[in-house]
Amino acid sequence: RKEHEELIRKYGGEVASSVTAAVTLLISTEDDVKAGTGKVATALGRNLPIVNEGFLGACVTNKKFMDTKFFLIKVAGKKRKAAGKAAAGKAAAGSAAAPAAKKAKAEAMGEVGPVPGGYRAGAACT
């Protein structure tokens with residue numbers, strides 16, 4: 001977890017210790033999702049994408065914010081729409097919307113500025 005937080009910060013993202021309104025995705029493990037931790041429950045309630053740890057490595061390797069749909073952790077008993085790209089806000093995110101809409105959404109979520117490949121967003125790690 002500490003390594004993930006360092007990577008997020010290194011590439012211009014922010015890390016939250018809890019799933020706040022500024023968080024745009026949750027980086028977790030299948031075990032934590034199955035256990036239904038508090039962070040997982042909050043993320044599900046807010047319809048945030050919950051991605052596996054491979055998401056972070058893929059973003060770093062490709063030097064851009066990757067589409068979260070390839071890294072979503074399936075939640076048993078619940079059907080979730082693929083979030084595509086996460087909404088912008090507080091550790092590593094973007095949006096499938098048109099660039100102007102992406103920028104407006106990022107600004108509305110308290111975006112602090114562009115980073116290579118997209119807009120900075122927020123993540124919490126379990």
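Me: What makes arginine 1 count as partly exposed?
Reply: This is a predicted model, in which local features need pLDDT of at least 70, side-chain atom pairs count only at pLDDT 80 or more, and totals for chains, interfaces and linings use all residues. Residues are numbered from 1 along each chain as its sequence is written, and side-chain values use heavy atoms, with hydrogens and water left out. Buried means under 20% relative accessible area, exposed over 50%, and partly exposed in between (1.4 Å probe, protein chains only). Arginine 1 has 44% relative accessibility, so the residue counts as partly exposed.

Me: Is glutamate 5 buried or exposed, and how do you know?
Reply: Glutamate 5 counts as buried because its relative accessibility is 13%.

Me: Why is the contact between arginine 1 and glutamate 5 called a salt bridge?
Reply: The term requires a side-chain nitrogen of Lys or Arg within 4 Å of a carboxyl oxygen of Asp or Glu. The closest N and O atoms of arginine 1 and glutamate 5 are 2.7 Å apart, so the pair forms a salt bridge.

Me: What makes glutamate 5 and arginine 9 a salt bridge?
Reply: Their closest N and O atoms are 3.9 Å apart, and the pair therefore meets the definition. Both residues lie in helix α1 (residues 2-10; a DSSP run of H or I, at least four residues), four residues apart, about one turn of the helix. Arginine 9 is partly exposed, at 48%.

Me: How many salt bridges does a search of the whole structure find?
Reply: The search finds two, and Arg1, Glu5 and Arg9 are linked in a network of salt bridges.

Methods: Helices (H or I, at least four residues) and strands (E, at least two) are DSSP runs, numbered from the N terminus.
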